[in-house]
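Here is a short walk through one protein chain. Take a look at the structure, then follow the text from one region to the next.

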Amino acid sequence: MPPHNDLDLDNWKAYPDILTDSLWLFDERERGEGHSADYHGNFVPQIPNQLMRRFTRKGETVLDPFLGGGTTLLECLRLGRAGVGVDIDADATRRARVRLRSAPNEHGVSTAVVTGDAAAARTKAAVRKALGEGGSAQLLILHPPYHNVVRFSERPGDLSRAPNVERFVEMFERVFDNLADFLDRDRHCALVVGDAYAGARWIPLGFLLMDAILRRPAFALKSVIVKNMSGNRAKRNRENLWRYRALKGGYYIFKHEYVFLFQKCGEESS
Ligand SMILES: C[S@@+](CC[C@H](N)C(=O)[O-])C[C@H]1O[C@@H](n2cnc3c(N)ncnc32)[C@H](O)[C@@H]1O
């Protein structure tokens, strides 16, 4: 099977910063290249950066159905990959477009931002158009809301408004089934997600969504990566309060998220 990246394995020691362990510890959010922490709920740029360098070649296309502040597409510009991002929140896509316009684009790659519910047929048509000639993507990065931990918008299709966890999983599945078709066979899909806590119970959102993808026979699980959460805005400066609550309530404070990595081994893309 081709390596699906630009790494020269005859010279494999030249890439000490490419992670190969399943524990990802980042000291702090990388800045520059148009990135900023002002979109509440964005992931650190190191996540799409690692995934793209490992699982795409220059000039290939990355699809992100939950674009948020645009982190994935900013990394596309930095790394010379084309990118298509979708978000249901028009304010988020407007801000992402502004960031993309003012970010450096040394490789001259094209990025497209689509506003719409990633589960909708109309959005699928817009993504197909944005993907252009080849009509497919070589990496899919999914970073959905962690149910209602952060409420992103008032749009009815927004996963962060799902009335319960079962519905949240169903809504995620609708997005996945709508857009995972565009991923080429043999290529990778990464799901970035954290868990939630509600009603004095740990809700394993990560494993529930992982299981939802595993129920699609075309997708094989390749890795479960645990990533540390550093500088979480909600908890910053309130460490002692959270520690007290944890001691009192008999639970542990979230310090990790997951990156579930899958490979599409089934039918061809649409
Ligand atoms: C966790 S954030 C993604 C953050 C992003 N990775 C970044 O770095 O900025 C999840 C995003 O999913 C969007 N979203 C929720 N439901 C959606 C849906 N049905 N279709 C498209 N986007 C949706 C929210 O508006 C939010 O921006």
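Start with helix α2. The buried residues of α2 pack against α1, β2 (61-64), β3 (82-87), α3 (90-102), β4 (111-115) and β5 (137-142). This is a predicted model. Helix α2 spans residues 71-79 and is mostly covered. Eight of its nine residues are buried. They are T71, T72, L73, L74, E75, C76, L77 and L79. After α2 comes G80, which has a positive phi, near 75°.

One of the neighbours of α2 is strand β2. T61 has its place in that strand. Is T61 buried or exposed? T61 counts as buried, because its relative accessibility is 13% and the cut-off for buried is under 20%. T61 touches A82, L131, S136, A137, Q138 and L139, leaving aside residues up to four places away in sequence. T61 and V84 are 23 residues apart along the chain, yet 7.6 Å separates their C-alpha atoms.

Now turn to the core. In soluble globular proteins, nonpolar side chains tend to be buried together. Here the largest nonpolar core has 67 residues. Which residues have the most contacts inside it? They are L51, F172, F176, L191 and F219. Helix α5, residues 165-179, gives the most to this core, with seven residues. L191 shows what such packing looks like in detail. Leaving aside residues up to four places away in sequence, L191 touches L142, P144, F172, L209, M210, I213, Y258, V259, F260 and F262.

Next come the aromatic rings. A pair of aromatic rings is described by the distance of the centres and the angle of the planes. The count of aromatic pairs comes to eight. One of them joins F176 and F219, with 5.1 Å from centre to centre and 70° between the planes. That pair is edge-to-face. It links distant parts of the chain: F176 lies in helix α5 and F219 in strand β9 (residues 219-228), 43 residues apart. F176 counts as buried because its relative accessibility is 3%. F219 is buried as well, with a relative accessible area of 7%.

Why is the pair of Y197 and Y251 called tilted? The ring centres of Y197 and Y251 are 4.7 Å apart and the planes meet at 40°, so the pair is tilted. This pair also links distant parts of the chain, 54 residues apart. Y197 sits in strand β7 (residues 196-198), and Y251 in the loop between α7 (239-249) and β10 (256-264). Y197 counts as partly exposed, at 32% relative accessibility. Y251 is buried, with a relative accessible area of 18%.

The charged end of K124 is placed over the ring of F182, 5.8 Å from its centre. R245 lies over the face of W242, 5.0 Å from the ring centre.

Last, look for empty space. Rolling a probe the size of a water molecule over the atoms shows where it is left. The second largest pocket has a volume of about 510 Å³. It is lined by 25 residues, and the closest to its centre are I18, L19, T20, R54 and F55. Which element supplies the largest share of this lining? The answer is α1, with four residues. α1 (46-55), β9 and β10 each supply at least two residues of the lining.

Terms used. Residues numbered from 1 in each chain as written. Predicted model: local features only at pLDDT ≥ 70, side-chain atom pairs only at ≥ 80, totals over all residues. Heavy atoms only, no water. Core = buried A, V, L, I, M, F, W, Y, C linked by side-chain atoms within 4.5 Å. Buried < 20%, exposed > 50% of the residue type's maximum accessible area, 1.4 Å probe, protein only. Contact = heavy atoms within 4.5 Å. Phe/Tyr/Trp six-rings, centres within 6.5 Å; stacked < 30°, edge-to-face > 60°. Lys NZ or Arg CZ within 6 Å of the ring centre and 35° of its normal. 1 Å grid on protein atoms, 1.4 Å probe; cavity = no way out; pocket = protein on both sides within 12 Å on 5 of 7 lines; lining within 4 Å. Points joined across faces, edges and corners; volume = space filled by probe spheres on them.
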